[in-house]
Amino acid sequence: MKLVVLVALFGLSLAQHNPHIKHGRTSIVHLFEWRWADIAEECERFLGPNGFGGVQISPPNEHILKESPWRPWWQRYQPISYKLCSRSGSEDELRDMITRCNNVGVNVYVDAVINHMARGDGGEGTHSSCGSWFSVYTQDFPSVPYSSLDFNDNKCYTASGNIENYSDPNQVRDCRLDRLLDLALEKDYVRGKVADYMNNLIDMGVAGFRVDACKHMWPGDLDIVFGSLKNLNTMWFASGSRPFIFQEVIDLGGEPISSKEYYHLGRVTEFKYGAKLGTVFRKWNGEKLSYTKNWGEGWGFMPDGNALVFIDNHDNQRGHGAGGASIISFWDARLHKMAVGYMLAHPYGQTRVMSSYKWDRNFVDGKDQNDWIGPPSNSDGSTKPVPINPDQTCGDGWVCEHRWRQIKNMVTFRNVVNGQPQANWWDNQSNQVAFGRGDRGFIIFNNDDWDLDVTLNTGMPAGTYCDVISGQKEGGGCTGKKIQVGSDGRAHFSISNREEDPFVAIHAESKL
């Protein structure tokens, strides 16, 4: 009997690794801090038509409203209740967005903040996104309801009540992360409230969750919460489908809490991926692109089936989280397009693309003093809509990297080559590399300080292909470079190191 239960639980957790992305799609985009109404429109006008498989949304629950600093992005990560009204919109707007995205084949993944409630300096009152009263002083959140009985203060033995030593797993999981009131997830009552919140979203049609701060929760507690979740809504997903779980666990090596403790529960964010690839593309510490021939597990990353990979995320593009200065974001647009292109061409991991907004940076002693700034906002603190320019880029401070031609076209590349093995590797023993994906695609990079001029075996069928980086296939022609593949599968590539985008990619569907 015990064996049957174990097998059943193992099956459940394996199912939680499956993102349920619709056939022919492969990648997720994080539309950070977008309003629900804008995400609904973006699913219909851009994400669906361009083959994006899913969208990660900001936390939809009621959160604190901070006046100092004025409406920072991180107020979304200080829950007040599990009511579904946030700076992104109302519950009705959330429901409408989930329905409309699902209807065009784009899954919705919710950023779930279940480790904690608001911070110890959050005061009390009704300064919250739904107007609910709360008190962090008395640990009273009546809209859940949670009381002082539902927090971990009795288990934390530090003088401050905060995590003081990251080498102590008990502190990391039982004390407050940066003064955030730490929920007692060992209690059935708390687990039930968290599961109710997540199940409400599953009923609405979400496909899964990015679970925040998992390192700060015991895997056994998470196992029980995830096991309490319903199967996905059969209006859009196959009967018996389990919610996709990907867990934020920052593990660059050398910490007592390892990402492998969470593998059995779902996928895990592989923070080493963006940190290492950033170092490689920046050519720091003597790293070279040619060294990535065994990229992925060969670099000590987690097993492929457990990994959620990304070049940057909303934390580390601001210098928070993991990776430090090596992280490549939209501020380094040329390198960012190359790194994201490499990620989308390479078969390792479940890929997520970042979509950001700009802010005025102000560095003092190497630290950005404005890393707190929230999304483009009106004078009352409400989030501005995302306007689309005639050239399909975004305006009003929204960056929208996912709309950049090079990144959008590489999302398509990944869809076209999906399931094909890496093949036909070439490198110059420096920072010029190329590889194919079976006979369905081929990509070549020049990240050296000199020109590339080479003829290579692409493994592709003979014909004329449009490079999807300098342009794309439109009508019967190419808007950018043309690549001629001969009957022997070989093609000539010439890439100047001074080009705006010193890489070239072709795939089966870019053939004339």
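This is a predicted model: local features need pLDDT of at least 70, side-chain atom pairs count only at pLDDT 80 or more; totals for chains, interfaces and linings use all residues.
Residues are numbered from 1 along each chain as its sequence is written, and side-chain values use heavy atoms, with hydrogens and water left out.

Me: How do helix α2 and helix α3 run, roughly parallel or roughly antiparallel?
Reply: Helices here are DSSP runs of H or I with at least four residues, strands are runs of E with at least two, and both are numbered from the N terminus. Axes are lines fitted to C-alpha atoms, for helices over the stretch in contact, and angles between N-to-C directions run from 0 to 180 degrees; under 35 degrees counts as roughly parallel, over 145 as roughly antiparallel, 65 to 115 as roughly perpendicular and the rest as oblique. Helix α2 (residues 36–47) and helix α3 (residues 91–103) have axes 8 Å apart and pack at an angle of about 10°. That angle makes α2 and α3 roughly parallel.

Me: How many charged residues are in the contact of α2 with α3?
Reply: With contact taken as heavy atoms within 4.5 Å, Trp36, Ile39, Ala40, Glu41, Cys43 and Glu44 of α2 meet Glu93, Leu94, Met97, Arg100 and Cys101 of α3. Ala, Val, Leu, Ile, Met, Phe, Trp, Tyr, Cys and Pro count as nonpolar, Asp, Glu, Lys and Arg as charged, and the others, Gly among them, as polar. By class, the contact of α2 with α3 has seven nonpolar residues, no polar ones, and a number of charged residues that comes to four.

Me: Which residue forms a salt bridge with arginine 403?
Reply: A salt bridge needs a side-chain nitrogen of Lys or Arg within 4 Å of a carboxyl oxygen of Asp or Glu. The pair links distant parts of the chain, 361 residues apart, with arginine 403 in the loop between β14 (367–368) and α9 (405–417) and its partner in helix α2. The closest N and O atoms are 2.8 Å apart, and the partner is glutamate 42.

Me: Is aspartate 371 buried or exposed?
Reply: Aspartate 371 meets lysine 367 in a salt bridge of 2.9 Å, N to O. Buried means under 20% relative accessible area, exposed over 50% and partly exposed in between, with a 1.4 Å probe and protein chains only. Lysine 367, at 45% relative accessibility, counts as partly exposed, whereas aspartate 371, at 9%, is buried.

Me: Which residues does serine 326 touch, not counting residues up to four places away in sequence?
Reply: Serine 326 lies in the loop between β11 (307–309) and α8, and at 6% relative accessibility it counts as buried. With those residues left out, serine 326 touches Ala275, Gly278, Thr279, Arg282 and Trp284.
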